[in-house]
Amino acid sequence: MCVSPVHWMENKNIEKIEDISTLSDEEIVSMTLKDENFYAVLIERYEEKLTRYILRISGGSKEDVEDTLQDVFISAYKNLNDFDQDLKFSSWIYRIAHNKVISHFRKITARPKTVTYEGDGQLLNILASSEDLAKELERKYTGEEVRAILKGLDEKYREVLVLKFLEDKDYKEISDILEKPMGTVATLINRAKKQFKEETLKRELTQVKLMKN
Amino acid sequence: MTKLSEDILGKIKHDHIVPAARWRFLLKSYVFWGLLMVSVLLGSLSFSVIVHIIDFRDLNVFNQVHGNFFTSTVMLLPYFWFLSVMLFASVAYYNWKHTRLGYRFKRRWIVSGSIALSVLLGSVLYALGMGNQIDMLMSKNMPFYDKSKREARSELWMRPDNGLLVGKVVNVDPADDSITIKDETGQDWQIDEKNVQHEPQSVPKKGKIIKIVGKKEGDHTFAASEIRKCGNCQSDEEADSTDTKNAEKNGKDLDHDGDGE
C-alpha cells in the first residue's frame, strides 16, 4: 500500500522517510503517478538546485524566479507521463526549467538583466575546472571580475558554462537539457571558453591603458 | 515539507491538476514518426521521378547544339522534383526533431540521412516503375507540368536544322526502311532509317514518340543516323492510345494522319 510522504511525516515514521530518501527520482515519479503527495519529495530535492539554476541563467528578480520555479514544477507534474525513462529525471526537469526561463524571461525584454552567481566558492569552480586558462584567470582576477566577465558573455555561452561548471553537468546531461547534440554542446563550451578568454584580454588591455595614463 | 512543495501540492489539489494521459504523448510521438515516414516516402517518390525523367544520353545532344544542359529548361522539371526532394527532406527533419531523440543528431546528418534514404528507396521505387506512374499522373492532372514537359522536349529536340527531331510515329514502312512521324506542330516528316542501328527497345512502333539524330534533307524529309526511344513520353503515347480506342469504339475512321493506309 502506498503511503504518502505527508502521512509519513505526520506519523513521524522516520524509518519510512529514510526509505524514501534512498529511492531514485525515477522511482518517485512512478509513485507520484499513483499518489500526488509523493511529488513533494521531488520538489524538495530540486527546489534549491533549480532556484539557483534559474537565477544564474535568467538574472531575474526573486519574485520572477519563484514564479518560474512554481511554473516549472506544475508543468513537470502535468507532463509526468511524458517523462522519458531513458533520461535522468534531473536532466528532464532542468530542461523544463531551461524552456520556462526562455519563455518567461524573453518576454521581459525591457527589464535590465543582472546575472547573479551566488556563492563565490561555486563560481571559482569555473576556474578550477577550466584547466590552464582558469588557473591563469584565478591568479589575475577576483571572483567579482569573473562574474562581470560572465555577465558579458552571450546567453547561449553563459548557459553552457553555468551547466558545465556551476551545475556540474556532463556533456550528455547538457545535451539532454538544452536538446542539442553532444557535438554542438562541446563546440558551445569551447566557444564559450574562447569568448571568456577574449573578454579577459580586453580587460587586460583596458587596465594597461589605464596604467599608462 | 517546504513552503514551495506545500504551495504546489495545494495548487495541484485545489485546481484538480492531473498528469496528462500517457496516450496523448504517445499519439503525438506516433504522429511525428508517421509524418516522418510519409515525408521520406514522398521524397523517395520524387527521386524516382527524377531518375525517370532525366535522360543523361541527352547530354551529348547538348554538345551538338552548344547548349548548357544544366541551365536549360529541359532541367526545369528535374529541378522541380529536386526541390520536392529537398522540401520533403526538410519536413522529415522537422518531424525527426520533434521525436524524443531528435535533438541528439546534428541537422546535417538528419537532412543528409533523409536524402540518402530517399535516394535509396527512390531507386527501388524507380525500378518498380513508380517514377513513370507519378510522372504520368502529374502530366494528366497538372496542365502546367505537361506543358513544361512538352516544351523541354521541343526545346532540345525540335531542331531539324541541327540534326535533331522528335515526334510521334504515325506510320512504319519496313519495306522502304522509312517511317513517318508527326512533330509537335503537326508537321509530318518522312524519315529515312537505312543507316540506323536500332537499340532493341527503340525499334519504332506506331504511336510511340521517338527522338531522332540525323540530317535534314528536305522540307519534310530527314535522314536518321540514330533513333532513341523517349523515356518519359508515355503520357503522350497513352493519351494517343486512349484516343485511338475511343475512336475505334465510336466507329470513326482512324486513319486521320493522312498516311494513306
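Me: Does A:D25 count as buried or exposed, and at what relative accessibility?

Reply: This is a predicted model, in which local features need pLDDT of at least 70 and side-chain atom pairs count only at pLDDT 80 or more, while totals for chains, interfaces and linings use all residues. Residues are numbered from 1 along each chain as its sequence is written, chains are lettered from A and ligands numbered from 1 in the order in which they are written, and side-chain values use heavy atoms, with hydrogens and water left out. Buried means under 20% relative accessible area, exposed over 50% and partly exposed in between (1.4 Å probe, protein chains only). A:D25 therefore counts as buried, at 13%.

Me: Which residue forms a salt bridge with A:D25?

Reply: A salt bridge is a side-chain nitrogen of Lys or Arg within 4 Å of a carboxyl oxygen of Asp or Glu. Here the closest N and O atoms are 2.6 Å apart, and the partner of A:D25 is A:R45.

Me: What is the relative accessible area of A:D176, which meets A:K172 in a salt bridge?

Reply: The N to O distance of this pair is 2.7 Å. A:K172 is partly exposed at 33%. A:D176, by contrast, is buried, with a relative accessible area of 2%.

Me: Which residues are linked with B:D146 in a network of salt bridges?

Reply: B:D146 meets B:R150 in a salt bridge at 3.2 Å, N to O. B:D146 is buried at 15%, whereas B:R150 is partly exposed at 32%. The network links B:D146 with B:R150, B:R153 and B:E184.
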